[in-house]
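Thanks for coming, everyone. Let me put the structure up, and then I will walk you through chain B.

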Amino acid sequence: MFKIQEELSNLIKTDISADIVLQLMQRFDEEIITLEDPEDPMKPSLFRDEFESFLKESISKSVVVSTDKITFGVGDTGKLGFERELDENTTDGLRIIGTIIQGIMGEYVLVTVDMARKMFYSDNSFDLGRTGRAYLMQKEEYNQGVANLGWEPKNVWRFSNFPGVPDFFDKFELNLDEHINKLIGSWNEKNKI
Amino acid sequence: MKRIKSEDLSLHHYVKNYILRDFVEAETVPLQYKPEESSTTSYVYGAVSSTIPSPASRGRGWCYLDNAFDTTEQQNSVIVYDAYNAVISGSNYIIDYIDGRVIFGNQSIIPASVYYKWHYIAVVDEWPITEIPDPPVVAIDIASFSKEGFQLGGGKRVPRMVYFHIFANDSAERDDITETLYDGVYLKCCPNQEFNNGTVIDWNGTFNIDYTYTTYSGSSELKFDNVVARSIVLPLLAIPDRDLSQLSDVNKYRSRVNFEMAHWDEGF
């Protein structure tokens, strides 16, 4: 009996995780990619596959099936900035998507950390201590920096002053009856009942 | 007025005047005559304040109620003095609570200074696209809604998702405001006001003397549920070891409080 329950639980985990990821990626396509700047070399659609892999891994790890309920979450939200401290083990792609989901007030320019350093600091001796290289600078600060160096100014980031998608991880419509019927069918098929 | 608008206003009123009632500051400053804003029937005096954030900035303003659920204009939150420090009776002037101005009908009395209480936290009802207020700021975002029928009988439950976006000056202030907002909605409800005769403050910033406190007939209060608070760090602004941002940044210390706001309507 325990083995049947465990196998059903695993099937539910797989099936529901895939459904959640599918719905999240649909929202990503409809509510984030449609807003991006096609000319932006760091546009979020470039990181679509990376974000999908992140969701798959993160959600499948967090789905818990017990006898009376199913719970799930996005375990690694610290990589997207949903915690007090940013999880250092993140990437530029996740940082960009995390910032878009959180929303940002004001006008910013997306630059690399090295560019920011060249603008305002001569000290390059210290280690960055992270993998991320992208960085947002306030428009006023950026304009001041490029004016000092005589650089051609870049455009303001398309997602500046964007209220974000605060319910990105909260809005699901899971049809559990459908999942369970599908799973019973798979189970019957697998066990030739 | 549409129901969603009145719910938005009811929540805004509750947050600004009740939940954040302890975040009120007071100061006494000189009043300066503003000839360019005056006419032969109104003499306008503006408060000269160097306080940051400005008491007259968007989402703040002077306190127009002495207590959160008063229905009459304040009596003790704004006091105007003449050059001899004598109190000038409130019957001689009206107050623009939004822009921090005192308006007299004639020049027989000359005011010199004003004492006022003001809202330290800017409460705005949308993401501020054009003018970014100085922090602390609370942006109230009422998002999606869906209506659910009762299992028995007529009527419906109307839930809406609400987000408080908090922008603070430092982490301690962020945590303080976040916890205050969380406690203000956790296991709580607020009146679902109808605003039949308009909101408490009129379009010109003065107190609306026609304002009446009425709630919707056949409808419940606004009940809050599923409250979640969390800090936010913006990944693209977070650079450890060295703070690259030279200017103050409104996004540095942020958090969010999410919850569901619902009321029940009787079936008619």
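**Chain B, strand by strand**

Start with one pair of residues: Val158(B) sits across from His263(B), which belongs to strand 14 of chain B. A caution before going on: this is a predicted model.

Now widen the view around that pair. Strand 11 of chain B covers residues 156-168, and strand 14 of chain B covers residues 253-265. The two are antiparallel, with 13 bridges between them. Strand 14 of chain B also pairs with strand 13, residues 222-232. That pairing is antiparallel too, with eight bridges. Here Arg230(B) has Arg256(B) as its bridge partner.

Step back to the whole chain. Chain B holds two helices and 14 strands. Its C-alpha atoms occupy a box of roughly 65 × 60 × 30 Å along the principal axes. Of its 268 residues, 35% are buried. Take the contacts between residues at least 6 apart in sequence: 69% of them link residues at least 24 apart.

Next, the domains. How is chain B divided by the domain assignment? Domain 1 takes 3-18 + 121-265, and domain 2 takes 24-119. Their C-alpha centres are 27 Å apart. At the contact, domain 1 of chain B contributes 21 residues and domain 2 of chain B contributes 18. On the domain 1 side, helix 1 (3-19) and strand 8 (122-124) of chain B each provide at least two residues. What is the make-up of that side by class? The side of domain 1 that touches domain 2 in chain B has 13 nonpolar residues, five polar and three charged.

Chain B has an open sheet of seven strands, in the order 4-3-7-1-2-6-5, with antiparallel pairing. Which strands are at the edges? They are strand 4 (87-88) and strand 5 (93-96) of chain B, each of which pairs on one side only. Further in, strand 3 (residues 78-82) and strand 7 (residues 111-119) of chain B run antiparallel and share five bridges. Within that pairing, Tyr81(B) is bridged to Ser113(B) of strand 7.

On to the cores. The largest nonpolar core has 69 residues. Leu136(A), Met137(A) and Val138(B) have the most contacts inside it. Among the contributors, strand 11 of chain B gives the most, with seven residues. That is the strand we began with, the one paired with strand 14 of chain B.

Look at Leu136(A) for a moment. What does it touch, leaving aside neighbours within four places in sequence? In chain A, its contacts are Tyr108(A), Leu110(A) and Trp157(A). In chain B, they are Leu236(B) and Leu237(B).

Last, confidence. The mean pLDDT of chain B is 89, and 90% of its residues reach 70 or more. Which elements mark the two ends of the range in mean pLDDT? Strand 7 of chain B has the highest, at 97, while strand 10 (residues 148-149) of chain B has the lowest, at 60. Where pLDDT is low, predicted coordinates should not be read in detail. For the complex, the predictor gives an ipTM of 0.80 and a pTM of 0.86.

Methods. Residues numbered from 1 in each chain as written. Chains lettered and ligands numbered in written order. Predicted model: local features only at pLDDT ≥ 70, side-chain atom pairs only at ≥ 80, totals over all residues. Domains from an automatic or database assignment. Contact = placed C-beta atoms within 7 Å. Helix = DSSP H or I, 4+ residues; strand = E, 2+ residues; numbered from the N terminus. Nonpolar A, V, L, I, M, F, W, Y, C, P; charged D, E, K, R; others polar. Pairing = 2+ DSSP bridges. Core = buried A, V, L, I, M, F, W, Y, C linked by C-beta atoms within 7 Å. Buried ≥ 20, exposed ≤ 12 C-beta atoms within 10 Å, placed from the backbone. pLDDT = per-residue confidence, 0-100.
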